[in-house]
Amino acid sequence: MLIEGRTTLTQFLIETRRKHPGSTGDLNALITDVSLACKAIAGKVSFGALAGVLGSAGTGNVQGEEQKTLDVLSNEIFLRANEWGGNVAGMVSEEMEEPYRLPRQYPRGKYLLLFDPLDGSSNIDVNVSVGSIFSVLRAPTPGADPADEDFLQPGTEQVCAGYAIYGPSTMLVLTLGTGTHAFTLDPNLGEWILSHPNLSVPRQTREFAINASNSRFWEPAVKRYVDECMAGKSGARDADFNMRWIASLVAETHRILMRGGVFLYPRDNKDPARPGRLRLLYEANPISFLVEQAGGVASTGRHRLMETKPESLHQRIGFVFGSADEVERIETYHGEQLMDDSYRSPLFGQRGLFAVV
Ligand code: MN
Ligand code: MN
């Protein structure tokens with residue numbers, strides 16, 4: 001063993017594969033290529049202003065958001081690292097309107113790769129943690145260019161998901177459907193070392209994360225939940241809560257995987273054309289897979305997020321995840337809100353003649 005008592009990502013992947021006789025190793029090769037892209041992005045991020053990569057690229061992405069230089073660069077790194085190996089049949093990215101078609105000379109593989117090359121990029125210029133998020137699906141037609149619809153599989157179909165976080169240390173957090181495991185990059189070896197096997201999100205928490213500046217747009221169920229947390233010991237929950245907000249999905253997810261908590265970016269009525277803020281394919285599905293594999297719950301606020309059938313590549317969705325007790329409570333509040341909505345008539349209201357109990 002190279003490093004006494006330590007497991008490298010390579011060793012972890014090979015040992016995991018041995019438990020699945022008949023697997024070809026293509027998935028391992030794909031994960032290795034993704035992890036190389038993440039190392040390359042970590043390098044760019046760590047040099048910051050010295051690499052001349054901060055600031056705006058002067059363009060917008062498909063959602064009309066400002067693209068940072070590093071968004072564009074990270075997207076290129078992901079494409080170059082994964083297009084040549086014969087492991088993927090196609091790729092889609094938050095930064096590209098259409099699926100990426102592999103150059104002619106490369107073989108088409110068995111998998112589809114979906115990614116957000118740089119999540120939280122608005123934090124780049126202030127030196128706060130950012131990350132990369134990815135999701136792997138099976139290509140319905142291996143060996144051929146995929147159709148757009150091939151990417152529209154529910155999150156339950158993912159074979160692998162993960163993210164890299166570029167923080168004080170660089171980490172890779174991964175699931176292949178057998179638990180969620182975190183690796184720390186050893187900068188001297190340039191190798192990922194398994195540092196946090198079998199992450200476990202505690203069922204209970206007293207920490208929640210939400211962008212409170214949107215409170216006037218929230219649905220009643222979310223307002224009720226947050227009001228109760230804020231009321232602390234004097235309120236219905238009879239407990240004091242802490243609030244966190246980093247505005248970087250990867251950083252919020254990482255905190256919750258390490259010590260529990262609940263995160264909400266719920267559906268609201270800020271922009272009726274956009275029910276939710278986060279992207280289903282590049283953000284919510286992979287994070288949900290990681291959270292569930294660590295024993296947490298991932299929801300739209302109403303039901304299990306990964307059962308959502310995607311309708312379009314850049315679809316957005318309301319997202320609530322983390323410690324099981326809190327997410328289930330929020331789902332319950334949405335259920336009760338639904339009853340209130342459907343029995344608006346005073347006769348059927350909570351205090352009405354036909355009160356729903
Ligand atoms: Mn993002
Ligand atoms: Mn992004």
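Residues are numbered from 1 along each chain as its sequence is written, and chains are lettered from A and ligands numbered from 1 in the order in which they are written. Because the model is predicted, local features need pLDDT of at least 70 and side-chain atom pairs count only at pLDDT 80 or more, while totals for chains, interfaces and linings use all residues; side-chain values use heavy atoms, with hydrogens and water left out.

Helices (H or I, at least four residues) and strands (E, at least two) are DSSP runs, numbered from the N terminus. Buried means under 20% relative accessible area, exposed over 50%, and partly exposed in between (1.4 Å probe, protein chains only).

Helix H6 (residues 280-293) is mostly covered, with twelve of its 14 residues buried. Among these are Tyr 282, Glu 283, Asn 285 and Phe 289. Just after H6, Gly 295 takes a positive phi of about 90°. Asn 198 is not a glycine, yet has a positive phi of about 50°; this residue sits in the loop between strand S9 (191-196) and strand S10 (207-210) and is exposed, at a relative accessible area of 54%.

The whole structure holds 21 salt bridges, each a side-chain nitrogen of Lys or Arg within 4 Å of a carboxyl oxygen of Asp or Glu. One of them joins Arg 101 and Asp 145 (2.8 Å, N to O). Arg 101 lies in the loop between S3 and S4 and Asp 145 in the loop between strand S5 (130-138) and strand S6 (160-166), so this pair ties together parts 44 residues apart in sequence. Arg 101 is exposed, at 59%, whereas Asp 145 is partly exposed, at 32%.

The bridge between Glu 207 and Arg 255 spans 3.7 Å, N to O. Glu 207 belongs to strand S10 and Arg 255 to helix H5 (residues 249-259), 48 residues apart. Here both partners are buried, Glu 207 at 11% and Arg 255 at 12% relative accessibility.
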